[in-house]
Amino acid sequence: MSTFNEKIRALRMMKGIKQTEIAELLNVKQQSVSKIENGKIQIDCQMADKIAKHLGFENKEEMEAFYEKHICKKTTRERTF
């Protein structure tokens, strides 16, 4: 199972959004976004919702549900073959 941080990275890349864009949204450096995606920095629910909204979701929960339904299944299927 993927962590929320991994989900941020996968969906950000899928949508063609750069780390610098997320950094500007959060008012942090690009390196901080990298650390968030790699699980070195934990974020609160408010920041998670802000990222999710920027990625086109209503909130963190909707983003995670989308990931589990569309991304996680695809990855699992690819590994079984």
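These legends describe close-up views of a predicted model.

View 1. From the N terminus on, the order of elements is α-α-α-α-α. Of the 81 residues, 31% count as buried. The accessible surface comes to about 5600 Å², and carbon and sulfur atoms hold 49% of that surface. Among contacts with a separation of 6 or more, 62% join residues 24 or more positions apart.

**View 2. The largest nonpolar core has 18 residues.** The members that touch the most other members are I8, L11, I22, I43, I51, L55 and M63. At least two residues of this core come from each of helix 1 (4-14), helix 2 (19-26), helix 3 (30-37), helix 4 (45-54) and helix 5 (60-80). In soluble globular proteins, nonpolar side chains tend to be buried together.

**View 3. I8 is shown with its contacts beyond four places in sequence.** These contacts are I36, E37, I43, I51, L55 and M63. I43, I51, L55 and M63 are also listed, with I8 itself, among the core residues that touch the most other members.

**View 4. The buried residues of helix 2 are Q19, I22, A23 and L26.** They lie on the same side of helix 2 because they cover an arc of only 105° around the axis. Helix 1, helix 3 and helix 4 are included in what covers the buried residues of helix 2. One of these buried residues, I22, belongs to the largest nonpolar core.

Key: Residues are numbered from 1 along each chain as its sequence is written. This is a predicted model: local features need pLDDT of at least 70, side-chain atom pairs count only at pLDDT 80 or more; totals for chains, interfaces and linings use all residues. Side-chain values use heavy atoms; hydrogens and water are left out. A nonpolar core is a set of buried Ala, Val, Leu, Ile, Met, Phe, Trp, Tyr and Cys residues joined through side-chain atoms within 4.5 Å. Buried means under 20% relative accessible area, exposed over 50%, partly exposed in between (1.4 Å probe, protein chains only). Helices (H or I, at least four residues) and strands (E, at least two) are DSSP runs, numbered from the N terminus. Contact means heavy atoms within 4.5 Å. The arc is that of the directions from the helix axis to the C-beta atoms. Accessible areas come from the Shrake-Rupley method with a 1.4 Å probe; for residues, only the protein chains shown count as cover.
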